[in-house]
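Here is a short briefing on a strand and its partners, and on a pair of packed helices. Have the sequence and the model open as you read.

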Amino acid sequence: MMVAPDTHPFSPAGRARALERLGSETFDLLVIGGGITGAGVARSAALRGWSVALVEKADFASGTSSRSSKIVHGGLRYLEYGHFLLVRESARERAVLKRIAPHLVHPLPFLYPVFEGESLIKVRAGLTVFDFLADVNDDEKHEKLTPNEVRKRLPGLRDPLKGGVGYLEYITDDARLTMENALSAALHGAAVANWTRLVELGLKDGRVTGATVEDGLTGTRTDVGAHVVVNATGSWAESVLESSGLPVRHPLIPSKGIHILLSAERLPITGATFLTASSGKRGLAMRRGSYVYVGTTDDEYSGSLDTPRATRSDVGEVLGMVQDCFPDQGLEYEDVLATWAGIRPLVEERGKTTRDTSREDEAWEEPDGLITVVGGKLTTYRRMAIRVLEIAQESLGRPPSDADELDATVPLPGWTRGADDPEAVEEETAAAFRARGVSAATAARIAWLYGSQTDVLLEFGDEDPGWLEPLGPGVPALRGEVRLAVDQEMAMTLADFMDRRAALLLFSDDHGLAGAEAAADIMAQRLGWNSDRRSEELEQYRLLAIEHGLPAK
Ligand SMILES: Cc1cc2nc3c(=O)[nH]c(=O)nc-3n(C[C@H](O)[C@H](O)[C@H](O)COP(=O)(O)OP(=O)(O)OC[C@H]3O[C@@H](n4cnc5c(N)ncnc54)[C@H](O)[C@@H]3O)c2cc1C
């Protein structure tokens with residue numbers, strides 16, 4: 001729905017109002033960190049009627065939550081380690097997300113090819129248990145495939161094949177999922193601001209009573225009062241505690257995982273597939289639009305948490321696995337269109353490698369008034385939020401609330417339709433854009449990414465058809481997306497828009513650079529940037545694009 005820009009909580013004026021509130025209210029909960037974990041905690045708390053503030057030092061999802069494999073998954077992999085509860089929880093949360101955000105949880109048929117030397121019986125037995133634990137609908141239960149059926153679905157896959165199994169998982173846009181959770185929190189009363197960092201925690205008589213935060217865009221510092229503070233800073237959680245001289249009950253071992261992006265013309269995969277190279281190296285390839293992305297590595301990491309990047313050798317490792325699995329495809333380094341790296345905040349388990357370490361989360365209160373939450377995954381963020389709120393509830397001396405399950409039923413703000421047939425809605429939406437002269441590729445991308453927010457884009461187009469024009473030659477994005485991002489999605493920098501609102505940094509042939517100037521012009525006009533700021537934003541984005549391309553030799 002089109003709203004006056006100044007009244008929207010994620011407009012520039014809405015952000016300024018949130019910052020003012022930080023200095024004038026005492027909150028039940030102050031959440032530090034706007035990744036999926038913090039955004040989810042803020043949303044669940046706001047839906048319970050708590051007074052909530054959420055601050056993020058850079059942009060929402062600028063940490064791991066925009067650099068994942070982007071799969072909302074039932075947790076099949078956890079079966080290998082006997083983590084049955086994790087499978088059940090993941091599967092339940094997958095069902096919740098399909099209900100509250102069908103526009104961000106798209107079905108993706110998975111294929112599990114089984115090669116000579118591997119056990120097809122074991123894989124099928126695993127999937128039978130998975131179907132049971134995940135309470136999978138009859139029409140989504142796994143199917144057994146012959147070698148020929150696998151070859152038909154995955155032409156060019158290496159031999160000797162024994163057969164395979166097909167089943168269903170879901171793909172998301174992790175950055176938009178995170179932003180929409182933060183927005184949902186704000187629409188339910190939370191004071192939410194990106195580009196606002198925790199400077200230090202406030203401590204009184206051994207209890208955390210709030211924090212000092214700094215608006216990174218103006219340098220203004222504010223003391224925020226809160227009964228409970230939640231440290232949801234993912235990989236940074238340990239350094240947040242250490243910088244305040246606080247103990248770290250569960251140390252983290254950061255582990256880096258990378259992905260590479262290829263054109264689907266070069267690797268024609270239609271859904272997603274597990275890959276196993278003849279060396280035994282494993283990975284996953286996933287189709288998104290006209291691209292296929294492949295990951296991932298899992299290596300202990302000690303570099304900068306702010307700028308993890310794929311190295312040439314990381315790319316070589318993943319590309320080598322794809323080359324081995326598709327030997328006739330002739331894939332080369334130059335086929336790699338984009339790369340990204342994310343850091344898993346794994347909770348250390350003595351004697352285990354990063355790959356074997358559990359993906360379960362931990363939440364604890366220490367000292368009084370500070371809850372730290374780490375680990376977990378995108379798919380189960382709502383359950384993590386509930387665990388945090390249970391601890392907070394006790395700390396606040398509150399009785400359990402009837403509103404507990406609202407976070408499982410109230411849709412995210414980007415979905416205002418029924419959840420019966422989201423795929424049909426997506427097709428109708430794409431058709432509406434095509435009918436207004438938008439190219440088929442752009443219409444499909446928009447319908448996939450924005451859900452009901454496409455209504456706003458159409459209204460912009462009715463007001464002035466210029467908003468439905470492409471951002472630049474060959475760029476599958478519209479000028480109106482920039483306006484939407486600034487007016488209703490708190491995009492404050494060019495990268496906020498290009499990377500985390502419109503997904504052009506990772507999912508376009510040239511990182512959307514051909515549209516960067518036009519996007520910077522629209523942002524400059526709406527945010528009042530002078531020409532120096534505009535040039536700086538462009539310069540920083542060009543650098544970011546280089547860092548997310550093929551690393552140099
Ligand atoms: C390679 C890879 C693939 C993955 N694939 C999947 C997948 O397919 N499916 C799935 O379910 N899960 C997946 N995961 C796991 C999932 O992505 C993470 O568990 C999740 O994104 C972590 O979210 P978070 O909010 O805890 O951390 P983050 O997203 O890192 O958020 C922490 C935030 O805190 C902010 N912050 C730090 N310090 C401060 C401060 N001082 N003040 C204010 N803010 C601060 C940071 O800027 C950051 O935005 C994957 C992880 C990796 C690494």
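The points below cover strand pairing first, then helix packing.

This is a predicted model, where local features need pLDDT of at least 70, side-chain atom pairs count only at pLDDT 80 or more, and totals for chains, interfaces and linings use all residues. Residues are numbered from 1 along each chain as its sequence is written, and side-chain values use heavy atoms, with hydrogens and water left out.

**Strand S18**
- Six of the six residues of S18 (residues 370-375) are buried, so the strand is largely enclosed by the rest of the structure. Buried means under 20% relative accessible area (1.4 Å probe, protein chains only).
- Strands are DSSP runs of E, at least two residues, and helices are runs of H or I, at least four, numbered from the N terminus.
- S10 (residues 221-231) runs parallel to S18, joined by three bridges. Pairing requires at least two DSSP bridges.
- Asn231 has Thr372 of S18 as its bridge partner.
- S17 (residues 361-365) pairs with S18 in the antiparallel sense, over five bridges. Glu365 stands opposite Ile371.

**Helices H2 and H6**
- The axes of H2 (residues 36-47) and H6 (residues 174-187) come within 8 Å and cross at roughly 30°. Axes are lines fitted to C-alpha atoms over the stretch in contact, with angles from 0 to 180 degrees between N-to-C directions.
- H2 and H6 are therefore roughly parallel (under 35 degrees).
- Contact (heavy atoms within 4.5 Å) involves residues including Arg43 of H2 and Asn181 of H6.

Technical notes
Buried means under 20% relative accessible area, exposed over 50%, partly exposed in between (1.4 Å probe, protein chains only). Angles under 35 degrees count as roughly parallel, over 145 as roughly antiparallel, 65 to 115 as roughly perpendicular and the rest as oblique.
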